[in-house]
Amino acid sequence: MAYDTQNIFAKILRGEIPAHKVYEDAHTLAFMDVMPQSAGHALIVPKTQAENIFDLGTDELQQLITVTQRVARAARQAFNADGITLMQFNGEAAGQTVPHIHFHVVPRYAGKALQAHGRSMENNTVLAGHAEKLRTLLNQ
Ligand code: AMP
């Protein structure tokens, strides 16, 4: 299927809609998930037009996972997490809701369940505060 240039992450990448950005380089953008499953939930997307993992070349995938690891490290420190869950869905049947490949970085705490996937919108000020914490660590 052709890449949908009107998907929400494509619009964020083009600067058409706002995002709480935490990291950007020539190939990759990271920003806060607006419906976090845990405080500090971030998303990492490649700038290339790719719907899922099957559309990425190995170099592109390497760049994406390298930044994902950096964001995961920063999230662990910034949010004092006991662990970090990475998630990445390919296709609607697998739970993908936005058709532009992304990794989820989700801080985890012992004994604490995740909130539902993409269900409830977080307050803008809270998201801005979480983004600031991650940005500070990622831009050191
Ligand atoms: P997935 O189901 O893996 O495709 O995840 C898509 C994620 O994007 C969900 O966790 C949503 O909460 C998140 N999301 C949807 N719209 C936005 C947006 N405008 N900015 C940031 N995150 C978003």
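Visitor: Let's start with Gly 118. Where does Gly 118 lie?
Guide: Gly 118 is in the loop that runs between strand S5 (103–108) and helix H3 (124–138). Keep in mind that this is a predicted model.

Visitor: Is Gly 118 buried, exposed or partly exposed?
Guide: Partly exposed, because its relative accessible area is 41%, and the buried class needs under 20% while the exposed class needs over 50%.

Visitor: OK, switching to the ligand. Which residues are closest to the ligand?
Guide: Those are Asp 33, Thr 97, His 102, His 104 and His 117, out of 18 residues that surround the ligand.

Visitor: What are the distances from ligand oxygen to the side chains of Asp 33, His 102 and His 117?
Guide: For Asp 33, a side-chain N or O atom is 2.5 Å from an oxygen atom of the ligand. With His 102, the distance from a ligand oxygen to a side-chain N or O is 2.7 Å. His 117 has a polar side-chain atom 2.5 Å from a ligand oxygen. As for cover, the ligand has 510 Å² of accessible area on its own, and the protein covers 92% of that.

Visitor: How does the shell divide by residue type?
Guide: There are 10 nonpolar residues, 7 polar and 1 charged.

Visitor: New topic: backbone angles. What's up with the phi of Asn 80?
Guide: The phi of Asn 80 is positive, about 50°, even though Asn 80 isn't a glycine. Asn 80 sits in the loop between helix H2 (58–78) and strand S4 (83–87).

Visitor: And is Asn 80 buried or exposed?
Guide: Exposed, because its relative accessible area is 63%, and the cut-off is over 50%.

Visitor: What about Asn 52, buried or exposed?
Guide: Asn 52 counts as buried because its relative accessibility is 13%. Asn 52 is in the loop between strand S3 (42–46) and H2.

Visitor: Which backbone nitrogen lies 3.0 Å from a polar side-chain atom of Asn 52?
Guide: That's the backbone nitrogen of Phe 54.

Conventions:
Residues numbered from 1 in each chain as written. Predicted model: local features only at pLDDT ≥ 70, side-chain atom pairs only at ≥ 80, totals over all residues. Heavy atoms only, no water. Near = heavy atom within 4 Å. Polar contact = N/O pair within 3.5 Å; in protein donor to acceptor, adjacent residues only side chain to side chain. Areas by Shrake-Rupley, 256 points an atom, 1.4 Å probe, with all protein chains shown as cover. Nonpolar A, V, L, I, M, F, W, Y, C, P; charged D, E, K, R; others polar. Helix = DSSP H or I, 4+ residues; strand = E, 2+ residues; numbered from the N terminus. Buried < 20%, exposed > 50% of the residue type's maximum accessible area, 1.4 Å probe, protein only.
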